[in-house]
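I opened a new notebook page for this structure. I want to look it up piece by piece and write down what I find.

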Amino acid sequence: MKKLESIIKKGKIIALAGIASLAIGCASLKHYVEPRVGAIVPVAEKEQDYKPSLLIGGAYGFNAGKIGFETSLDYFHSSGEYIQTDSILPRFNVSYSPLKQTAKVKPYIIAGANLLSEFSAIDIPEFDVHDKVSNTTLGVEAGIGATILDRINSRLVCTWLPTSENVKNMFTLMLGYRLYLDQN
Amino acid sequence: MGVGYSSKNIKKIITISLLMFFVFISIIFTTYLGFFQQKSVSSHAIIIPNLDLDKTTNSSPEFSEGFGVGSSSSRGSSSGGGGGGSSSSHSSSNNNNLNTEKVPQNNLSFTNDSILKNLTNDKRDYIPVIVMLKDQIAEITNKNDLSKARLIINSQEDKVLSEFNKSEFLLKHKYNTINGFTGKIKKESLEELRQNPNVKAVYEDRLLNVTLMDSVPLINADDVWNLGITGNGSVVCVVDTGIDYTHSDLGACNPFNLTGNIILYSLESPHPYTDNYDYTWTITQPGFSQIAVHFLNISVEYYWDYVYIMNASNNIVQSFTGYYTDVWSVSIPGDTIKIRLVTDYSITDWGFAVDKVLNGTITFLGLQDCKKVINGYDFVNLDNDPMDDNGHGTHVSGIVAANGTLKGVAPDAKLLAIKVCDAVGGCWGSDMIAGVDWCNNKSGTYNIVATTMSIGDGGSYNRTTCPTLMDDVINTAHDLGISVTVASGNEGYSNGISYPACSPNAISVGSTTKSDIISWFTNTGSLLDVLAPGSSIYSTIPGGYDYLSGTSMATPHVAGVIALLKQYSPFISPDRIRTVLKTTGIPIYDSRNGLTFPRIDALAALRNISNVACFSNSNCGTDYSFGSQFCQSDNVYKNWVVYTCNNPGTNSSYCSDSTAPKLKEECEYGCTDGRCKIKVCNYGKCYYV
């Protein structure tokens, strides 16, 4: 038990050290909120076809030099045979800009975790079946993006839903506009 | 300004990161508890645009000069003396700079507003028009009326045409079974034409597009074959981009005659070629008077990559896309022929190899001796050779009546190939009318049961807004007993269908997937008659096979079923056919508009028209009616209702209830409330309800 606690403690230290080391070299903190729209395209469907859906959402985050942290919440609606679903997708992401940045374009890569929460209405008129169900699926994601003129943010993210029974992967294409809260 | 590396800021970053992570976790908790649960909203599917064929809009077919006499077929001007092997003389005017003209780009839809009234701002000297004359004859109601009607119609057309000199009106087609003609009118003479007392309406002639993407068992056509009904004796007119009649599944016909001397000549493209490739090879053989090349093989990505044959002046006279072996090009005058390979930005293939050249001619002998495609006409190039230089028409035709490696819906039906669309899928309205008119005119010669058009203008129309331009020719077909099936269009509209599918006597066809779900691209609306499989349909293309999706693919399924029904019941009317297809189809719900449309079922339709209770067990069983299946509770799956057809196919046939228990596995997901459970999935989870 002591060994486990020791490992957890070491893990915490490593995590904090990692965040701290990432922050070293940062120039300034830039906090922002970002309303955004996009499209979500499920792939690798196993059981039921879904079309691409429109997505709206918002994010809060900040950049510290080449490193960025962001938490966000997106919403989309999807419909399949007998089922209509409203989904919300909270995400937590870390971004990093490995490439040379210019004043106009700042490319970055991004990775993180999310939790797909679905609220579905099942309607089968033939059998008078009307039901509401909800479920949550953990996902991990990675993607690429770029901020243009320090304001417009475009991003393509691939999400893997390892425990999903149906959609194993989905792509999200987003376009947002950053509103900076402060600049220390 | 930067904050440097102070520990204060590092702490700040760590604090904010932890705070954000806390927010993230909080959101997860609240969502999991259903805090944000909302009521369902109606579906708002993203509409993905159809394949962009706008590149077709600045083309124009050649126009015949002067009035001439007789039908359009008498005005043929063969461009190159036909082709050998798989393709022949198909000069796509899109690709021929000499014959290209600009067409207004703003609206390619036919609307009743396109009846020409105000051309003040139009800068063209000549306006392409379709002229409809006032009816002064009795309606054509049967095939016996045709010859008499032709004489009267042609005389009325000539009467109006005689009021314009040759430079005022350049005639393109005179129709035979409807009262009208088409051509180019000098802008200054347009008003005179409109005011002519014999003229009912003048429409602007515009380009429409071909509507582009295991279905035979789905519509139970194979069950109909098992009854010996395979479309034998039925003939279907395919009004499209032509048909590759050399395809092994479409008759493998080779109606060409080569005369002259053949010499060996070796020329090959790079193998494989590269993306974004555009190179022209020139073959010059001094002393040749007519020259053609023989391809040992052509393998280029279907639809996206092309091999063009050009003359010495760089005019394109023929195009190939797809896969061919042992094929001659057209023979062109002179000693020089050019081969141009143009590829797109992705997917390469082997390329081509030339092994011979011909100093001589390749004559098209006609399709009369062919087994599958028995006649046709090319209204794009104005000759008798309707070879497909696009592939769309070949795909459509394979769905109707392929009989080889693949089998179409009516494998023993014959085809008439009417080419009205050019190499890139552009189709002039005037040519479409001419195509249907040609089929009407041939109804006395062939047992034409259906004319199928997988063509649309991209518009969204209801009953009041639907253009009337093709009504006359479709109505005539209808009166002659020919069903006209037309694609509803691929624009994803749920409140209207395109033109000419909206024409009152057309059978409009939308698309479903093989899972019997509405295809995302299909146009539907209150005018839509039926649905048929149109997603990922595997059928013939020039030299091979490919998957395509679209209402274009759904439409020939219906034409094929009509060929089957007309074999069984030759005198059934188009109205009855439409009613039968609608009433016997499997209901499919369109969540976009709340409407339900019937997906065709060949066997059920046959049973309906036959007054025979059943042809097979599947006529009696529960396969097609989800609600009639039942099982017992407690996961004991027995006592399914299984009906058996007794005395199948006879007037004394009847369905009886069999009590034979079925296997447990019949209810895949278990039993509930006396019925099998249904599996329904959202993204993350599947439910069994």
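My entries follow, from confidence to single residues.

**Ground rules.** This is a predicted model: local features need pLDDT of at least 70, side-chain atom pairs count only at pLDDT 80 or more, and totals for chains, interfaces and linings use all residues. Residues are numbered from 1 along each chain as its sequence is written, while chains are lettered from A and ligands numbered from 1 in the order in which they are written.

**Confidence.** I looked up the scores for the complex. The predictor gives an ipTM of 0.79 and a pTM of 0.57. Next came pLDDT, the predictor's confidence in each residue, from 0 to 100. Chain B has a mean pLDDT of 78. In that chain, 74% of residues reach 70 or more. A contact here means two C-beta atoms, placed from the backbone, within 7 Å. Over residues 659–665, pLDDT also stays under 50, with six such contacts.

**Helix α2 of chain B.** Helices (H or I, at least four residues) and strands (E, at least two) are DSSP runs, numbered from the N terminus. I checked the length of α2(B), residues 146–161. The expected span is 1.5 Å times one less than the number of residues. For these 16 residues that should be 22 Å, and the end C-alpha atoms are 22 Å apart, which agrees.

Which residues of α2(B) are buried? I count a residue as buried if 20 or more other C-beta atoms, placed from the backbone, lie within 10 Å of its own, exposed if 12 or fewer, and partly exposed in between. The buried ones are B:Leu146, B:Ala149, B:Ile153, B:Glu157, B:Val160 and B:Leu161. Seen down the helix axis, they fall within an arc of 100 degrees, so they line one face of α2(B). The arc is that of the directions from the axis to the C-beta atoms. The buried residues pack against β1, β2, β3, β4 and α7 of chain B. The face turned away from them carries exposed B:Ser147, B:Lys148, B:Leu151 and B:Ser155.

**A sheet in chain B.** I traced an open sheet of four strands in the order β8-β14-β10-β11, with antiparallel pairing. Its edge strands are β8 (278–284) and β11 (316–320), and each pairs on one side only. Two strands pair if DSSP finds at least two bridges between them. β10(B) and β11(B) pair in the antiparallel sense over four bridges. There, B:Val307 has B:Phe320 as its bridge partner.

**Loops.** Between β10 and β11 of chain B lies B:Asn314. B:Asn314 is not a glycine, yet has a positive phi of about 70 degrees. Is B:Asn314 buried or partly exposed? B:Asn314 is partly exposed, with 14 other C-beta atoms within 10 Å.

B:Leu382, also not a glycine, has a positive phi of about 55 degrees. I found B:Leu382 in the loop between β16 and α6 of chain B. B:Leu382 is buried, with 22 other C-beta atoms within 10 Å.

**Cis peptide bonds.** The bond from B:His271 to B:Pro272 is cis, with omega near -10 degrees. B:Pro272 sits in the loop between β7 and β8 of chain B. The bond from B:Tyr499 to B:Pro500 is cis, with omega near 10 degrees. B:Pro500 sits in the loop between β21 and β22 of chain B.
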